[in-house]
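This briefing concerns the pockets of a predicted model and the packing of one of its helices. Please consult the sequence and the structure shown here alongside the points below.

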Amino acid sequence: MSYSLDFGWLYGALGAIGRGAAMTVFLIVVTTLAGILISVLAAAGRRSGTRWLRQAIGVYVEVIRNTPFLVQLFFIFFGLPSMGIRLDPVMAAIVAMTLNMAAYTTEIVGAGLDAVPLGQREAASALGLRPRLVFVKIVLPQALKVIFPALTSQVVIMMLESAVVSQIAVRDLTYEADMLQARTFRAFETYLVVTLVYLGLSVVVRRVLVAVGRRTLSAGVT
């Protein structure tokens with residue numbers, strides 16, 4: 001049985017694909033900013049002298065890293081309303097993606113902090129810098145430079161995993177693809193186009209992050 005490719009529907013679908021791609025980019029930008037900020041605080045907390053804080057962060061990281069992202073998403077969107085906490089689909093997606101991103105990047109950031117030689121901290125302290133300034137000005141920039149490739153990869157992975165938010169009716173790229181193939185009955189062509197769009201987004205996001213890293217972290221970012 002032969003199958004004839006038909007992309008005649010594509011021109012009329014560009015708007016929907018563009019809106020879906022824009023939503024996917026929006027989700028990953030917000031998630032990246034919030035997730036990395038949380039992960040820096042969490043990684044620092046795991047290395048603090050407060051035992052209960054270290055344990056709480058450790059439990060959070062283990063729970064998130066050892067449960068499926070889809071289940072986490074469903075818990076936030078479908079489970080929390082039972083406790084009176086209701087989030088719209090986009091906000092639920094942002095919360096789920098941020099918590100997931102932060103758990104994975106906490107380990108990455110932590111590895112970068114551990115890689116900074118102890119002598120760097122001691123030298124900064126000897127110059128009279130407060131511990132907080134030592135962390136922000138001396139330790140964190142060096143750690144981020146070391147782990148930047150891993151952070152970049154995690155951001156791209158999270159963007160690709162964000163496709164599951166279509167399951168709670170977030171109008172991202174995958175959601176729009178599902179709607180298009182339901183209207184056109186051209187599943188092969190639709191998902192081929194969307195696959196290529198995801199591929200293009202991955203390349204662009206990675207290059208943008210590398211460019212930002214080179215500007216903010218100077219040398220050593222590739």
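**Pockets and helix packing**

Helices α1 and α6 each contribute at least two residues to the lining of the second largest pocket. Within that lining, α6 has the largest share, with four residues. The model is predicted, and the points below are grouped by topic.

**Second largest pocket**

- The second largest pocket holds about 220 Å³ of space.
- Its lining is made up of L41, A44, G45, R47, S48, L113, R121, R132, F135, V136 and V139.
- By residue class, the lining of the second largest pocket comprises six nonpolar, two polar and three charged residues.

**Largest pocket**

- The volume of the largest pocket is about 600 Å³.
- This pocket is lined by 22 residues, of which T32, L33, I36, L209 and V212 are the closest to its centre.
- Two or more lining residues come from each of α1 (10–45), α6 (131–161) and α8 (187–217).
- In the lining of the largest pocket, 19 residues are nonpolar and three are polar, while no charged residue is present.

**Helix α3**

- In helix α3 (residues 69–79), the buried residues are F69, Q72, L73, I76 and F77.
- Viewed down the axis of α3, these buried residues fall within an arc of 115°, and therefore they line one face of the helix.
- An α-helix has 3.6 residues a turn, so residues three or four places apart point the same way.
- The partners against which the buried residues of α3 pack are α2 (51–65), α4 (89–115) and α6.

Key: Residues are numbered from 1 along each chain as its sequence is written. This is a predicted model: local features need pLDDT of at least 70, side-chain atom pairs count only at pLDDT 80 or more; totals for chains, interfaces and linings use all residues. Side-chain values use heavy atoms; hydrogens and water are left out. On a 1 Å grid over the protein atoms alone, a cavity is a set of points where a 1.4 Å probe fits but cannot get out, and a pocket is an open set with protein on both sides within 12 Å along at least five of seven lines; lining residues have an atom within 4 Å of a point. Grid points are joined across faces, edges and corners, and a volume is the space filled by probe spheres set on the points. Ala, Val, Leu, Ile, Met, Phe, Trp, Tyr, Cys and Pro count as nonpolar, Asp, Glu, Lys and Arg as charged, and the others, Gly among them, as polar. Buried means under 20% relative accessible area, exposed over 50%, partly exposed in between (1.4 Å probe, protein chains only). The arc is that of the directions from the helix axis to the C-beta atoms. Contact means heavy atoms within 4.5 Å.
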